[in-house]
Amino acid sequence: ITKGYSIGSAAMACFLLFGAFMDEFSTFVFVSGLIGSMIIFFFTGLSISAVGKTAHQVVLEVRRQFQANPGIMTYKSKPDYKACVSLVTKAALEETRLPAAVCVGTLIAIGLAFRIVGEWTNRPLLGAECLASYLMFGTVTGILMATFLDITGGAWDNAKKYAELGNFRGKKSGVATRGDRTRRRKTRRIP
């Protein structure tokens, strides 16, 4: 609910700014707005890709710990949680560099490029207009993307909980899946 309130307040502010901006609208302003919309999808793709890479590294680390210390599976020893936390923290810092550079670099490039075009076409405020369009279109698209990802995340979480209650051969269903049988055989072999 809190995410919904923050998304809604950002949407209201953006639409008010957009309404005031509609008086001055040109082809360059529209193009910079489209770039702002595209950057949201590019940024989201980079972020999701970073999460996938990091999750893969965590899976490899967990597998390594299981192989190095079989007592983890029988609860005789504890896993090294610090290694996973350190791995995730390091990846979070490294993987956010490119998305941040894209966002900041595009802002600067849009402002400067259209300022130069504005100087040539005798429109000195074209850079500012295009930058405002970039930000507003990006904000509107970001609001839609945030709403979509918020609802999708909630749906995935609810689906996971529903399966864990025993539906669709989940944890408490009593139906052993092929993976469960394989895990049981492997845990029996551990002394």
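A residue is called buried when its relative accessible area is under 20%. By that criterion, 23% of the 191 residues of the protein chain are buried in this predicted model. The protein chain exposes about 13,600 Å², and carbon and sulfur atoms supply 68% of that area.

The secondary structure consists of six helices and zero strands. Read from the N terminus, the order of elements is therefore α-α-α-α-α-α. Among contacts with a separation of 6 or more, 69% join residues 24 or more positions apart.

The UniProt record, an unreviewed entry, places the feature "transmembrane region" at residues 5–22, 28–51, 98–117 and 132–151. Two of these spans can be compared with the model. Residues 28–51 are 100% helix and 0% strand, with end C-alpha atoms 35 Å apart. Residues 98–117 are likewise 100% helix and 0% strand, and the C-alpha atoms at the ends of this span lie 27 Å apart.

Helix α4 itself has 24 residues, which at 1.5 Å a residue should span 34 Å; its end C-alpha atoms are 34 Å apart, so expectation and model agree. The buried residues in α4 are Pro99, Val102, Thr106, Ile110, Gly111, Phe114, Val117 and Gly118. They pack against α2, α3 and α5. Just after α4, Asn122 adopts a positive phi of about 60°.

Helix α5 can be examined in the same manner. With 39 residues at 1.5 Å a residue, α5 should span 57 Å, and the 56 Å between its end C-alpha atoms agrees with this. Its buried residues are Leu126, Gly127, Glu129, Cys130, Ser133, Tyr134, Met136, Phe137, Gly138, Thr141, Ile143 and Met145. Just after α5, Gly166 has a positive phi of about 115°.

Because its relative accessible area is 15%, which is under 20%, Ser37 counts as buried. Apart from residues up to four places away in sequence, Ser37 touches Phe137, Gly138 and Thr141.

A disulfide is a covalent bond between the sulfur atoms of two cysteines. A search of the whole structure finds zero disulfides.

Asp80 is located in the loop between α2 and α3 (81–95). Its relative accessibility is 40%, and Asp80 is therefore partly exposed, a class that lies between the 20% and 50% limits. Asp80 and Asn69 are 11 residues apart in sequence, and their C-alpha atoms are 9.9 Å apart in space.

Glu95 belongs to helix α3. Glu95 touches Ala50, Lys53 and Thr54, not counting residues up to four places away in sequence. For the pair Glu95 and Lys53, 42 residues apart in sequence, the C-alpha to C-alpha distance is 9.1 Å.

Definitions and conventions:
Residues are numbered from 1 along each chain as its sequence is written. This is a predicted model: local features need pLDDT of at least 70, side-chain atom pairs count only at pLDDT 80 or more; totals for chains, interfaces and linings use all residues. Side-chain values use heavy atoms; hydrogens and water are left out. UniProt positions are given in the numbering used here, feature names are shortened, and annotations may be inferred rather than shown by experiment. Helices (H or I, at least four residues) and strands (E, at least two) are DSSP runs, numbered from the N terminus. A disulfide is a pair of cysteine sulfur atoms within 2.5 Å. Buried means under 20% relative accessible area, exposed over 50%, partly exposed in between (1.4 Å probe, protein chains only). Contact means heavy atoms within 4.5 Å. Accessible areas come from the Shrake-Rupley method with a 1.4 Å probe; for residues, only the protein chains shown count as cover. The expected span of a helix is 1.5 Å times one less than its number of residues.
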